[in-house]
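Hello,

Here is the structure I promised to pass on to you. Have a look at it first, and then read on for my notes.

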Amino acid sequence: MDLFLKNNTLFSTDSTSNTTIFGGETTNRYEIQDDALIVSLLINGGLSLLTLLAFCILRTRFRLFYQYRVEKRENGIRAPGNGFVSWIKDTYKYNSENIINISGLDSYFYLRNVKTNFKILLTLMIIGWIMLFPTNSKGRYNENRKVQPDGTLPDEVIGLSTLSMGNIERGSNLLWVHFLFVFIVTFVVMIFTFIDYKDYADKRIQYRSSKRLLNYTILLRDIPVNLFSKQSLKEYFQRFLINNNNQNNNNSNENNNNDNNSPSSSSSSSILNNNNPIIDISLQYPIPNIHPLIDEREYYVKRYDSVVAEYNKTRIRPTRKSGLFGLYGNKIDSINYYNGKINAIEVDIQDTKTKAEKDYQDLMNKEKLRQQQSSASNSINISSEVVNSLKSAGNGFIVFKERNSQKELVQTIIEKRDNILMKRYYAPDPNDVYWPNIHIGGKQLYVRGLIVLVLTFLLIFFYTIPITFISGFSNLGTLAKIKAFSWLVTLINKSPKLTSFLTGFLPGLALMIFLALLVPILKMFSRFTGYYSNSAIEASVFSKYFLFLVFNVFLVSAIAGTIFQSISAIIDNPPSITTTLANSLGGLSYAMINYVLLAATGLTMNLLRISDLLVDQFKLKFLCKTKRDIDDTESSEHFKYGQLYAYNLLVLQLCFAYSTLSPFILVFGVWYFGVSYLVHKYNIIWVNRAHFTQLLYPMSFRRTMIGLLIYHLLMIGTFNIYSFYYGSLILIPFFLTILFWIYCEYTFYSVSKNGLLDNYQSSLNKSNQKSQLNSINNGNLNEKSGLLKSKHGRNNYIDIDDGGHFNDTCYSIDEYDENLYKPVYYRSLMEPEESIIESPPTIVYSKPPENLNQ
């Protein structure tokens, strides 16, 4: 036992037990944990209640902010009731299938995933009450406590901890109940996730059979120089598609293709002739430096509109200083300054475009000369070895007449060097394309990915330092043993209630703030990687953020409180890390419960969004001077699928890990997902603008399986600590989970990603088949027919309105024109909306003429 004297008060910390002695008075750590939980429950419950009350008051006063989609009349969405709490009833009762029609498939499956997590934890909570609580209450740990080497006893288990696994003595037969509960957790998760994944595959098949433009388009990466023209690509792909799509008109189509020679263009494409399977080709040659110029020009256009609006209002020409950021220098006219900036940047944009077009023409001329020298014929040689240049000229989009053409080309190998050049992907919707990255080729993508991977791991490593410090407050007894933090003992001795606050509420709050700062950094990393679409960038944020959360919150936080005691043991015996981690988790169950409570409170903050409201009101009152500024400020943001998926999975992982050790965490997990469903459903229906992310649910499924596997490994270590050696049989559900994971991926993933071939799907609808086939085309497409089960043979959810538009902002093939797959600098740049209004002429009223009758 370590003793030290401070301020005439004797403090001691037991180095072999978790008992902490303040001022000569021994404090039971279980009592401290119960007090901390009560404090956290009161604080979080009070904050949640106040937040909900504030939302009920403010939502009717700021309708545009809290009901943005209703006020903008999006998709015919009706407003929730005006009653004080009527929005809760309207939100819960809103038809989930209807959400597909107003917000798209991604919103539907996000909410379904939240609801499934709620059902999983609710089921486990009920089973835990029946199985674990009575079993744990009968434990005899206190009666079988072993004397420590210094002659003292460990803390007596009291309070809520008597309902946890910590109340079970080592080697007890009661541990068979916990062993059985691990199997129950495994099977419950399998059942619910299987139902969800099957429904996802069913609806994705319907999604892939809709008339969305992205279902007809492929993205070509690394087009070789000898094929980087519309005519060359047209002839190249017709070779593979003509026999499949037009078998009866094979010869006539080939003749028409040879006769119709539409001109190639590097900067744009025109609609091709109607006698081939291709509608349009849009080539994207590299102009990497043009997007910063466009962003800079948009900034000056907005500033120009602002100063013109100010002049029209005050009739005084606004001025600024000529120096950097307008901080110093001579005063100059702001209107002329910003107008000059806009004109200068337009010249730079045009010069950049001209240089890129010239480079492209030079490249094409060199390739043409090379072909003339290598062949006596002037025509392009179309053969199975047509990709004869390892030099990439750029990327491009190809729009086909048939969905089958897209699926066949993406899922088949057509060249020996198919993995190097002419890589084919399902194209994103034009609204989803991230144009600054559209020029990036495969090699550059690979290098960027390696750089981001290194930066991500470095960030994870350095982020463990503040996380470890913050998590240390959850175990003050351990932290006080460090000389640098001995001041904590004095602080706690003055106010015992402060102990509950420090261990219950403050660490979780600080942890959430630190992790929230990560999201902008991870989004910057994902954009730098080179992904071509915003949905792919969001998926990358999801993946990275989940890794951060699991590593820093679940693993680092778990061992941070005891790392100063266990680090030497881990160094001496590295395989003991599993047992050490399992032992640490048991002592941090209350800290994780407090974290889940705080996360639920944070969800109510997402409903109120008070900081965003205050910022918007400040901008509207003092900064916004133009209609564009007002629209930008009032506009609602997109739903943050990637960030929220990752956070939900962290809470699910925590509930899995502690479901057997401290089953009352399931109560707070149910609370979290219940609040999450209410808050996010409200925001999806009435606040956030619709957009699409495509394949986030399979990512969520995989990480759920990873969480289940981690749970199995931790329970093996826990049973080892409890001297219950039959716990090694947990390897049975461990391997069953792996087999289940493989089966679901094989059965559902490929078919949900690719959909069914149109002809095959049509035949299924006509014959009303419901049996599942093994595969299609010898398994190359990996599509299962049994997944297509639309009622009465019709598409049940295609979210398209009377105008031919899809409500998730996707374009329809019927809406396609040649400008959709062009960068903004080939369509239209932002133009000023404000214009100088001269002073109106003064009207002089003359004396009215006299009445002639007088």
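Predicted model: local features only at pLDDT ≥ 70, side-chain atom pairs only at ≥ 80, totals over all residues.

Ser723 is not a glycine, yet its phi is positive, at about 60°. Most residues other than glycine have a negative phi. Is Ser723 buried, exposed or partly exposed? Its relative accessibility is 32%, so Ser723 counts as partly exposed, a class that lies between the 20% and 50% limits.

Arg315 can be read alongside it. This residue is in the loop between helix H10 (290-314) and strand S7 (319-321). Its phi is positive too, near 60°, and Arg315 is likewise a residue other than glycine. With a relative accessible area of 31%, Arg315 is partly exposed.

Next, the sheet. Four strands form an open sheet in the order S6-S9-S5-S10, and their pairing is antiparallel. At the edges are strand S6 (278-284) and strand S10 (423-426), each of which pairs on one side only. From one strand to the next, the twist averages 20°. Helix H12 (residues 403-411) lies across strand S5 (217-224), S9 and S10, and it runs at about 135° to S10.

The largest nonpolar core contains 135 residues, and the ones with the most contacts inside it are Tyr110, Leu515, Tyr545, Tyr595, Tyr672 and Phe719. Leaving aside residues up to four places away in sequence, Tyr672 touches Val596, Ala599, Ala600, Leu603, Tyr647, Asn648 and Val651. Another core, of 43 residues, lies apart from the largest one and includes Ile281, Ala356, Met422 and Tyr426.

Leu650 is also worth a visit. This leucine belongs to helix H25 (residues 641-658), and at 0% relative accessibility it counts as buried. Which residues does Leu650 touch, not counting those up to four places away in sequence? They are Leu549, Val550, Val553 and Tyr595. Leu547 is 103 residues from Leu650 along the chain, while the C-alpha atoms of the two are separated by 9.5 Å.

Finally, here are two helix pairs. The axes of helix H5 (residues 96-103) and helix H26 (residues 665-686) come within 10 Å and cross at roughly 40°, which makes H5 oblique to H26. On the H5 side, Ser96, Ile99, Ile102 and Ser103 take part, and they meet Tyr677, Lys681, Ile684 and Ile685 of H26. The residues of this contact divide into five nonpolar, two polar and one charged.

In the other pair, helix H23 (residues 610-623) and helix H24 (residues 627-634) have axes that come within 10 Å and cross at roughly 170°. H23 and H24 are therefore roughly antiparallel to each other. H23 contributes Asp616, Lys619 and Leu620 to the contact, and H24 contributes Ile630, Thr633 and Glu634. By class, the contact of H23 with H24 has two nonpolar, one polar and three charged residues.

Enjoy exploring it!

Best wishes

Terms used. Residues numbered from 1 in each chain as written. Heavy atoms only, no water. Pairing = 2+ DSSP bridges. Axes fitted to C-alpha atoms, helices over the stretch in contact; angles between N-to-C directions. Contact = heavy atoms within 4.5 Å. Core = buried A, V, L, I, M, F, W, Y, C linked by side-chain atoms within 4.5 Å. Buried < 20%, exposed > 50% of the residue type's maximum accessible area, 1.4 Å probe, protein only. Parallel < 35°, antiparallel > 145°, perpendicular 65-115°, else oblique. Nonpolar A, V, L, I, M, F, W, Y, C, P; charged D, E, K, R; others polar.
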